[in-house]
Amino acid sequence: RWGSDRLIQPEQVVIPREDELPPEAAVEKEALLARGIRSVLGVPTMAGGRLAGFAGASMHSSHREWDTESITLLRTLSEIILGATDRHESHRALEESLARARTAVYGTVGALSTLTERRDPYTAGHQRRVAQLACAIGGELGLPEADIEGIHVAGLLHDIGKIRVPAEILSKPGSLDGNEFSIIRTHPSVGHEILNSVEFPWPVSEMVLQHHERLDGSGYPAGLSGDEILLQARILGVADVVEAMSSHRPYRAALTMDMAIDEISRNRGILYDPAVVDACLRLFREQGFSFEEQDEEAAGQAA
């Protein structure tokens, strides 16, 4: 009781000699003697006018008269420790907040992606596979993890604008006529419109808007060329072409992966970014990238 009453005070606790403690401090004296402590200095740390902690020093071999310099040094140390603790707690709180935000973002992204694919059964899994390949290309190019995460989100949502495309056009078994193709070509702009109001930490809506732009300016919707197109969108564009060509569509059977690889190889530097194409080729030719293997891995993780 004697010790606790002093520990809650804002002033330091100075015990030069354990044998000079008053009778009411018998418990504290016994505890000090049991540990061989002869002299004690305790300094409180205040935060917002409240006691936040204590820093202490003790002497075992002899008694000590604690001078002002010792008290100041210990108080400074106590404040440094408190500051470091506060920063650690703030950092942990920030990390927890970011984790909750990331969970919310991916929950929304997953729901939107599923909504898009349910309207177009022939492209079920297309957005997910494009995201997988695009992220692998980004990794091969040495992009930072934060950029790759943004590419992943954009890949999962790049065709969200198709929710405004009539289902009969999406599932039409024959070739599209000019008017139908014009409607299909609106999906990047519609996707940008849908996603532009969402505050992603990456330029997701711009990536979605530009994923059908081509290096020579022949793409849509704005006819951008070269470096006018975001690198992330150039990556999505290559991944989108490779996945689409190698997958079944209502108007044609799936083409071979060799044909998809030939398409990006022939148009390297014309339609598609050379560095992106080279990274994609390395993934398939040297590293054995496979959509099936990636899908199985993702399913295993989800399970």
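A residue is taken as buried when its relative accessible area is under 20%, as exposed when it is over 50%, and as partly exposed in between (1.4 Å probe, protein chains only). The structure is a predicted model, in which local features need pLDDT of at least 70 and side-chain atom pairs count only at pLDDT 80 or more, while totals for chains, interfaces and linings use all residues. Residues are numbered from 1 along each chain as its sequence is written, and side-chain values use heavy atoms, with hydrogens and water left out.

The chain averages a pLDDT (the predictor's confidence in each residue, from 0 to 100) of 79, and 65% of the residues score at least 70. Among the helices (DSSP runs of H or I, at least four residues, numbered from the N terminus), mean confidence is highest in α9 (residues 204-210), at 97, and lowest in α13 (residues 291-302), at 45. Where pLDDT is low, the predicted coordinates should not be read in detail.

G125 lies in the loop between α3 (68-119) and α4 (126-140), and counts as buried because its relative accessibility is 5%. The C-alpha atoms of G125 and T114, which are 11 residues apart along the chain, are separated by 8.8 Å.

Technical notes. Helix = DSSP H or I, 4+ residues; strand = E, 2+ residues; numbered from the N terminus.
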